Every structure is written in C-alpha cells, then in structure tokens.
Amino acid sequence: MKIAIVDYGAGNLPSVERALRKLGAETERAVEPQQVASAGAIVLPGVGHFAAFVAGLRERNLTESLRAAHDSGVPILGICLGLQAMFASSEEAPGEPGLGFFPEEVSALPTNVKSPHIGWNQVRRVQESALLRGIPEDAYFYFAHSYAAPASAAPTVAACDHGVSFAAVIEHRNAKGSLFGVQFHPEKSGETGALVLRNFVESVRGERTESMT
Amino acid sequence: MTLARRIIPCLDVDAGRVVKGVEFQGLRDMGDPAELAARYNVEGADELVVLDISASHQGRSTFLDTIRRVAEQLNIPLTAGGGIRKMEEGRAVLLAGADKVTVNTAAVQRPELISELSQQFGAQAVVLSLDVKRKGDSWEAYTRGGRDATGLDAAAWAAEAVSRGAGEILLTSIDRDGTCSGFDCELTAKIAATVSVPVIASGGASTFEDFADVFLKGCADAALAASIFHMETQSIAALKKFLAGRGVPVRTSR
C-alpha cells in the first residue's frame with residue numbers, strides 16, 4: 001500500500017517521509033491529483049500560513065482530489081496545519097475555505113498564554129483513539145502552532161490545553177472512509193511520535209484489507 | 001497537563017565540524033555533527049540547534065549539507081542558522097531539514113527579513129537570535145557573533161522582532177557565555193516578561209542548579225548549552241531527573 005504525502009510547495013516533507021519509511025511504509029510525494037486519487041492512504045503535512053496552504057492545494061488542483069479521495073474511502077492523516085485544513089475555515093485567513101470535512105472554524109490561541117505554543121506537551125484522552133493506542137497517558141508530543149481547532153469539535157479524541165482546550169488528535173470514521181489528524185508533529189515527537197505514525201499505518205492497512213475482502 | 005521546559009544542546013559548526021571557541025586560542029574540534037546529533041536524540045534532548053559560526057559565503061553549501069546529515073539523525077525538532085541574510089537562504093535551511101531558522105545580524109540591518117520569513121513559513125519557524133551585553137541597568141543587542149554593538153535596547157528589539165513575526169527568542173548573554181558562571185536569570189526574566197513568545201536562555205550554563213535557576217527564577221521556556229553536553233560532563237537524562245525533582249516540568253520519556 002502506497003502512502004501519498006501531499007506536496008503543496010512548502011513544508012518539511014523529508015522528515016515525515018523519513019519517519020514513515022522507517023516504519024516500512026512505501027511513500028510517494030503527491031504533487032498531482034491522480035497521485036492522490038490512486039493512493040492507498042494520504043498524509044497531509046503542513047506548516048506555515050493557512051492561506052498559503054489552502055491556496056497551494058487549490059493551485060495544484062489537489063483540493064477536489066482530496067475530497068474525492070475521502071469520498072472513495074482513502075484514509076487521510078492531517079498533520080499540524082494539515083489537521084487545521086480539514087476544518088471549514090481559519091481565523092488566520094478569513095474567507096479562505098478549508099477542506100471542510102468538519103464544520104468548525106480554527107481559531108488563534110488566546111493572548112493570555114505564550115503563542116506560538118511551541119514545545120512538548122501532554123494530551124487528555126476524551127474518546128477511544130486508534131492513533132494513541134499503546135501510548136502512555138502522560139506521554140509528551142511536540143507542538144508548534146499559533147492556531148487550533150476547538151476541542152469541542154466532534155472528531156476530537158484527545159485534547160490539549162494551552163490557554164484554551166483545543167483538538168490535539170482527531171479521528172472520524174463514516175461510511176466513506178477515515179479521517180485522522182494530529183495538531184502536534186509526530187515526525188518530531190521522538191519514539192512516541194513514531195508510535196502514532198505506526199498506529200496510523202497499521203490502522204489503514206487493516207482498513208484497506210477489510211475493504212478488499 | 002504541562003508544557004515541558006526544554007533542554008536544547010547546541011552545535012556550533014565550522015567547515016562541517018562541531019567546534020568550541022576557546023578564548024585567544026581559536027577553535028577546538030568537538031566532533032562530527034551527525035554523530036553528536038544522533039547521541040543527543042537518544043539521550044533525551046528536546047530539540048537541537050545547529051549554528052554556522054563561520055557563516056562565510058563559501059561555507060554555505062557545506063552548512064546545508066551538515067543540516068541534511070544532522071536532520072537524518074533526528075526525530076526531534078531542529079533549529080539552524082548563522083549568517084542567514086535573505087529569505088532564499090532561510091528557505092534553503094528549512095528545505096535541508098531544519099524546522100526553524102534563526103536570524104540575527106541581517107534582521108537588525110533589515111527587520112523586514114523577519115516579516116518575510118514569518119509570512120512565508122509561519123512564526124513557529126522564525127527564531128530571533130538575540131546576543132546581548134549588559135549596559136548599565138539594561139542590555140544592548142549585538143550582532144556579528146557579539147562583535148558589533150547595535151545601539152538597540154535588547155528588550156525593545158525583542159518586542160519589535162516579535163511584532164514582526166518572530167515566534168521564539170534565542171537569548172544569549174555574551175557576558176556569561178563561556179564563563180560557566182550560570183545563566184543570566186535577571187536578563188532572561190526581563191525578556192520573558194517583555195515578549196509573548198517562548199524564550200530560550202543561553203550562555204553560562206555549568207551546573208544542574210544553573211538550569212533550575214533559569215527555569216524557576218529566569219522564567220525561561222527552554223535552556224540551551226553546548227560544551228557541557230559535548231564534553232559529557234553533564235548528561236541530559238541526569239539533568240532532567242534533577243529538574244523534575246526541583247518541580248520543573250520536563251519530558252522524561254522518549
């Protein structure tokens with residue numbers, strides 16, 4: 001099964017790629033819609049500005065192909081800005097639509113705490129999580145962001161607090177397929193982060209096998 | 001749930017080797033950057049900083065190669081910088097595998113560099129490297145590796161850099177650097193209270209107590225040191241255990 005890592009023209013793809021390959025996953029950098037369409041699973045990494053990110057996807061005709069891939073059952077993992085892009089919009093770029101898998105708006109972290117939220121933090125489990133399977137409750141994950149999706153969003157399986165409760169891990173399964181998202185950087189979160197990626201790879205391998213039988 | 005205070009080893013790199021500046025004696029070789037990076041990654045470092053201290057024009061491609069080799073060893077964040085003058089140089093550092101880029105001299109000369117990098121890569125990718133010396137009751141910012149006084153008040157410049165989009169401050173006390181007399185906690189607390197972004201304290205680290213002080217009294221978000229880690233006089237794991245005992249939240253698992 002090939003994992004397409006969406007290349008929207010910026011962002012630190014090599015570290016995500018390296019982390020997945022260490023787990024034995026076959027990866028491909030997807031710059032064109034058909035690469036997204038034919039993938040077994042999709043990883044959507046993102047750093048930087050929400051507007052640049054969604055514009056980068058749109059200019060490469062990847063927005064529609066990501067929506068279509070989800071509709072046809074391809075699991076997607078959004079990392080950091082990639083998670084944020086799964087929501088309808090962001091306060092960082094009013095008027096720029098996200099992928100809209102979830103209806104909420106991504107908001108700026110409050111001004112009473114240090115922002116960006118940079119460093120290693122813990123998360124609070126609120127629902128059963130496939131991505132966090134086998135990871136201790138007190139484990140740390142590396143965050144680097146100034147905006148976040150609300151913890152009250154339906155797919156939130158783990159929340160983090162930094163001035164406000166926000167979605168640290170999201171998971172959503174419907175008749176079409178699975179959506180996963182992490183606000184932290186698993187590729188930068190040491191052994192714990194590698195376990196999150198392994199859980200993703202194993203989870204989608206299981207799903208693809210099921211759907212083929 | 002607590003945001004952990006970070007321990008960050010720093011590699012000063014010249015011509016592809018980790019070096020340590022020795023007063024009046026030039027540079028001492030401390031090893032291969034990728035080897036040291038691999039060691040720190042395993043020992044529990046929370047992040048790694050790699051600085052090009054030669055920052056010469058011809059050394060640029062060597063430095064990018066060093067970043068690539070170091071990044072391959074890591075599953076923790078990497079910050080790199082030294083002599084970054086243009087947006088394209090910043091991009092090259094990030095594409096080579098760094099997550100954040102530091103700027104100093106060029107940002108003082110042209111503060112728009114911070115805005116440009118921040119708009120392109122996000123505030124979380126832009127670190128202002130702030131080298132300061134005490135001047136009476138305040139501190140003055142220096143550039144060119146501590147050689148040139150800028151006339152800028154350190155706190156005022158830090159605030160401006162943050163308003164332009166710097167997401168972190170790497171604060172080095174030139175007075176304390178290399179003295180092993182401890183971090184300048186007064187300076188760190190002053191800058192931490194001035195800006196809304198995390199502050200990484202640097203310069204003067206020697207004992208575990210110095211690290212406890214800079215977190216508890218200096219309100220630092222992270223502490224950086226070089227030679228005490230390279231020389232293996234202090235292990236990161238032992239330091240973190242000590243800090244946890246002093247009530248400083250640290251990441252002890254990997």
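## An exposed serine in chain A

In this predicted model, S72(A) counts as exposed because 10 C-beta neighbours lie inside 10 Å, and a residue with 12 or fewer is placed in that class. S72(A) sits in the loop that runs between α4 (62-71) and β4 (76-80) of chain A. Its C-alpha atom is separated by 11 Å from that of G40(A), a residue 32 places away along the chain.

## Other features of chain A

Helix α1(A) has these buried residues: S15(A), V16(A), E17(A), A19(A) and L20(A). After α1(A) comes G24(A), which has a positive phi, near 85°.

A cis peptide bond links S115(A) to P116(A), with omega near 5°. P116(A) belongs to the loop between β6 (102-108) and β7 of chain A.

## Where the chains meet

How many residues of chain A are in contact with chain B? There are 34, and they touch 30 residues of chain B. On the chain A side, at least two residues each come from α1 (13-22), β7 (117-121), β9 (141-145), β11 (156-161) and α6 (190-212). Helix α6(A) supplies the largest share, 5 residues. By class, the side of chain A that touches chain B has 13 nonpolar, 14 polar and 7 charged residues.

## The largest nonpolar core

In soluble globular proteins, nonpolar side chains tend to be buried together. Here the largest nonpolar core has 158 residues. The members that touch the most other members are I42(A), L48(B), V101(B), I169(B) and A223(B). The element that gives the most to this core is α6(A), with 6 residues.

V101(B) shows what surrounds one such member. With neighbours within four places in sequence left aside, V101(B) is in contact with A80(B), G81(B), I84(B), G90(B), V93(B) and L94(B), among others. Its contacts also include L117(B), A125(B), V126(B) and V127(B).

## Helices α1 and α2 of chain B

Two packed helices are described by the angle between their axes and the distance between the axes. For helix α1 (residues 33-43) and helix α2 (residues 60-71) of chain B, the angle is about 30° and the axes are 8 Å apart. The angle therefore makes α1(B) roughly parallel to α2(B). The crossing of these two helices, α1(B) and α2(B), is right-handed.

On α1(B) the contact is made by P33(B), A34(B) and A37(B), and on α2(B) by T66(B), R69(B) and V70(B). Of the residues in this contact between α1(B) and α2(B), 4 are nonpolar, 1 is polar and 1 is charged.

## Helices α6 and α7 of chain B

Helix α6 (residues 154-163) of chain B packs with α7(B) at an angle of about 35°, and their axes are 9 Å apart. Where α6(B) passes α7(B), the crossing is right-handed. In α6(B), the residues A154(B), A155(B), A158(B) and A159(B) meet K190(B), I191(B) and T194(B) of α7(B). The contact of α6(B) with α7(B) consists of 5 nonpolar residues, 1 polar and 1 charged.

## Helix α8 of chain B and its cover

Which residues of helix α8 (residues 208-216) of chain B are buried? They are D210(B), F211(B), A212(B), V214(B) and F215(B). Among the elements that cover the buried residues of α8(B) are α7 (185-194), β11 (199-202), β12 (222-225) and α10 (236-245) of chain B.

The packing of α8(B) with α10(B) has an angle of about 50°, with the axes 10 Å apart. That angle is why α8(B) counts as oblique to α10(B). The crossing of α8(B) and α10(B) is right-handed. F208(B), F211(B), A212(B) and F215(B) of α8(B) meet L239(B), F242(B) and L243(B) of α10(B). This contact of α8(B) with α10(B) has 7 nonpolar residues, with no polar and no charged ones.

## Two cysteines with positive phi

C180(B) is not a glycine, yet its phi is positive, about 60°. The residue C180(B) lies in the loop between β10 (168-173) and α7 of chain B. It has 13 C-beta neighbours inside 10 Å, so C180(B) counts as partly exposed.

C219(B), also not a glycine, has a positive phi of about 55°. The loop that holds C219(B) runs between α8 and β12 of chain B. C219(B) counts as partly exposed because 16 C-beta neighbours lie inside 10 Å.

Conventions. Residues are numbered from 1 along each chain as its sequence is written. Chains are lettered from A and ligands numbered from 1 in the order in which they are written. This is a predicted model: local features need pLDDT of at least 70, side-chain atom pairs count only at pLDDT 80 or more; totals for chains, interfaces and linings use all residues. Axes are lines fitted to C-alpha atoms, for helices over the stretch in contact, and angles run from 0 to 180 degrees between N-to-C directions. Helices (H or I, at least four residues) and strands (E, at least two) are DSSP runs, numbered from the N terminus. Angles under 35 degrees count as roughly parallel, over 145 as roughly antiparallel, 65 to 115 as roughly perpendicular and the rest as oblique. A crossing is left-handed if the near helix is turned anticlockwise from the far one by less than a right angle, and right-handed if clockwise. Two residues are in contact if their C-beta atoms, placed from the backbone, lie within 7 Å. Ala, Val, Leu, Ile, Met, Phe, Trp, Tyr, Cys and Pro count as nonpolar, Asp, Glu, Lys and Arg as charged, and the others, Gly among them, as polar. A residue is buried if 20 or more other C-beta atoms lie within 10 Å of its own, exposed if 12 or fewer, and partly exposed in between; C-beta atoms are placed from the backbone. A nonpolar core is a set of buried Ala, Val, Leu, Ile, Met, Phe, Trp, Tyr and Cys residues joined through C-beta atoms within 7 Å.
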